[in-house]
Amino acid sequence: MTEVPARTVPQRMTVVTLAAANVEELRDFYRALGWEELPASRDDWVGFLVGGVVLALHPRTALSEETGAGMYGGGFTLAVNVDSPEDVDTAYDAALAMGAGDVAEPQERAWGGRSAYFADPEGNRWEIAYNEAVVFGDRGEVVAFG
């Protein structure tokens, strides 16, 4: 039997980021649905807390640059937020050790946190991120952002 390593990438999804051609138009759409925008939203990043996960909108070109590879079609990334900047490196190294593809090494980001990107075996982009604005509940769900 293959030995399963200790879990170093938390088993949770905290953010789904949509690569938006027009952030303002998507922002208006989700507001029109009655969704409440997060206080941390800006012109180039908009978030909505939906059932313990953040739905984020980010310009397609900026997201493509950050993830280190061209985004296809509507494009998206999935994120796992961690508890410290050091945990970004630990989780990223663990993902690579298990066969994930290297997309973008851990680094400080212009938005004030630290993150890295890897690709799963089918090329889906995952971000491991630390952002001090994220507050977790008892089950690891996002309860506040900003």
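**Chatting about aromatic rings and a surface patch**

Q: Let's start with F48. Buried or exposed?
A: F48 is buried, with a relative accessible area of 0%. Bear in mind that this is a predicted model.

Q: Good to know. How many aromatic pairs does the structure hold?
A: There are 5 aromatic pairs in the structure. One of them joins W35 and F48 edge-to-face, at 6.2 Å centre to centre and with 70 degrees between the planes.

Q: Where in the chain do W35 and F48 sit?
A: W35 is in the loop between α1 and β2 (46–50), while F48 belongs to strand β2. They are 13 residues apart, and the pair links distant parts of the chain.

Q: And what is the relative accessible area of W35?
A: For W35 the value is 33%, so this residue is partly exposed.

Q: How many residues apart are W45 and F145?
A: They are 100 residues apart, with W45 in the loop between α1 and β2 and F145 in strand β9 (residues 142–145). This pair, too, links distant parts of the chain.

Q: Is W45 buried or exposed? And what about F145?
A: W45 is buried at 12% relative accessible area, and F145 counts as buried at 9%.

Q: Where is F29 placed, then?
A: F29 lies in helix α1 (residues 23–32). With a relative accessible area of 44%, F29 is partly exposed.

Q: Which residues form a nonpolar patch on the surface?
A: F29 and W35 again, along with L33 and V50. Together they have about 350 Å² of accessible area.

Q: New topic: R27. Buried or exposed?
A: R27 counts as buried, at 7% relative accessibility. Like F29, R27 lies in helix α1.

Q: What is R27 in contact with, leaving aside neighbours within four places in sequence?
A: R27 touches E37, S41, R42, D43, V46, F48 and L57.

Q: Last one: where does the charged end of R12 sit?
A: Over the ring of F136, with the charged end of R12 4.0 Å from the ring's centre.

Note on methods:
Residues are numbered from 1 along each chain as its sequence is written. This is a predicted model: local features need pLDDT of at least 70, side-chain atom pairs count only at pLDDT 80 or more; totals for chains, interfaces and linings use all residues. Side-chain values use heavy atoms; hydrogens and water are left out. Patches are made of residues with over 30% relative accessible area and no salt bridge: like charges are joined within 9 Å, nonpolar side chains (Val, Leu, Ile, Met, Phe, Trp, Tyr) within 5 Å. Accessible areas come from the Shrake-Rupley method with a 1.4 Å probe; for residues, only the protein chains shown count as cover. A salt bridge is a side-chain nitrogen of Lys or Arg within 4 Å of a carboxyl oxygen of Asp or Glu. Helices (H or I, at least four residues) and strands (E, at least two) are DSSP runs, numbered from the N terminus. Buried means under 20% relative accessible area, exposed over 50%, partly exposed in between (1.4 Å probe, protein chains only). Rings of Phe, Tyr and Trp (its six-membered ring) pair if their centres lie within 6.5 Å; planes under 30 degrees apart count as stacked, over 60 as edge-to-face and the rest as tilted. A charge sits over a ring if NZ of Lys or CZ of Arg is within 6 Å of the ring centre and within 35 degrees of the ring normal. Contact means heavy atoms within 4.5 Å.
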